[in-house]
Amino acid sequence: MQDQTSEQELKERLSLIESMIAEGRRHTESWGWTFVLWGLVYYLAIAWSAWGQRVWAWPVSMLIGVIVTVVVASLKGGNQPETTLGRAVGSIWIALGISMFLLFPALGLSGRLTDQHVFVAVIAALLGMANGASALILRWKVQLACAVVWWVAAVAACFGTDAQGMIVFLAAIFLCQIVFGVYGMIADAQERGRRAPIHA
Amino acid sequence: MRRSAGGALQSMPDLPELNPVVHGRLRLALLSLLSGVEEAEFTWLRAKTEATDGNLGAQLLKLEEAGYLTVKKKFVLRKPQTLYRITETGRQALTEYVQALKQLLGPAIDA
């Protein structure tokens, strides 16, 4: 068979194999919208709690975020295949969601969520952990940079005034949720645009 | 490795043959896609390859007949779903194909 096969065609076959394997494993970039959505949820909760609803602002905002995530995810990717890598990354984010969903309402309802510095530091550290673990699994430097920003925000939140701590939190949300999410969505769209139909 | 004036590779006794079942572009893409996931739906494979239903179905059938894929049909919310999974034989055939490709290309692989 290879009598008629040119070197260029063989190289093209090799690159087709690599791109298709990568395609099957590509997951996080398709989830860019969730980072943007949760960034907006955090902003909503912060604005709402600034208006005086400190106890209910976070649990209600997060509940809205969970409902929207589940509905959009089921509409978008009902036929997505499962991979070990995808399950590992998904498990980290689900575990983070459960931890935050249990911890923060409990702190709010018990009246122990009084120190804003501790609140921001805990959220930032949790998000740094989840982003860091995902980045190490996926070997994704951009997400690792987000993890570093969250870790820096967690440490910075322990110092300075309330206002300074809040500015650090808002900036970290903007960089690691909104900007990173939009970057993921653009990368996903570009990847889809580059794909050409494959014929037999 | 010898090449003709047109760049075609000359057949030599010590060079490996490329498996014709795996060599087809769409079949190769399907095996590669399935090697990276546990199992995949027909619609997902169609979206990733952008092939037509008829062509995709025909190539999947060839791979199934060669023993490289298994097919499972089920209903989810009363909608039919066809799931494909690569077999050990399929994985082995893909690995051997990649090794043969690399052997054929030789030093040209990095060029």
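**Nonpolar cores and a helix pair in the predicted model**

In this predicted model, A:Trp150 is in contact with A:Ala124, A:Leu127, A:Gly128, A:Asn131, A:Ala172 and A:Cys176, when residues up to four places away in sequence are left out of the count.

The largest nonpolar core comprises 32 residues. A:Trp150 is one of the residues with the most contacts inside this core, together with A:Ala124, A:Ala153, A:Ala157, A:Phe169 and A:Ala172. Two or more residues are contributed by each of the following elements of chain A: helix H2 (32-50), helix H3 (54-76), helix H5 (116-138), helix H6 (141-156) and helix H7 (162-194). The most is given by H5(A), with 9 residues.

In chain B, helix H2 (residues 25-35) packs against helix H5 (residues 88-105). The angle between them is about 115°, and their axes are 10 Å apart. The crossing of H2(B) and H5(B) is left-handed. On the side of H2(B), the contact is formed by B:Leu31, B:Ser32 and B:Ser35, and on the side of H5(B) by B:Gly90, B:Arg91 and B:Leu94. By class, the residues of this contact are 2 nonpolar, 3 polar and 1 charged.

H2(B) is mostly covered, with 9 of its 11 residues buried. The buried residues of H2(B) are B:Leu26, B:Arg27, B:Leu28, B:Ala29, B:Leu30, B:Leu31, B:Ser32, B:Leu33 and B:Leu34.

How values were computed. Residues are numbered from 1 along each chain as its sequence is written. Chains are lettered from A and ligands numbered from 1 in the order in which they are written. This is a predicted model: local features need pLDDT of at least 70, side-chain atom pairs count only at pLDDT 80 or more; totals for chains, interfaces and linings use all residues. A nonpolar core is a set of buried Ala, Val, Leu, Ile, Met, Phe, Trp, Tyr and Cys residues joined through C-beta atoms within 7 Å. A residue is buried if 20 or more other C-beta atoms lie within 10 Å of its own, exposed if 12 or fewer, and partly exposed in between; C-beta atoms are placed from the backbone. Helices (H or I, at least four residues) and strands (E, at least two) are DSSP runs, numbered from the N terminus. Two residues are in contact if their C-beta atoms, placed from the backbone, lie within 7 Å. Axes are lines fitted to C-alpha atoms, for helices over the stretch in contact, and angles run from 0 to 180 degrees between N-to-C directions. A crossing is left-handed if the near helix is turned anticlockwise from the far one by less than a right angle, and right-handed if clockwise. Ala, Val, Leu, Ile, Met, Phe, Trp, Tyr, Cys and Pro count as nonpolar, Asp, Glu, Lys and Arg as charged, and the others, Gly among them, as polar.
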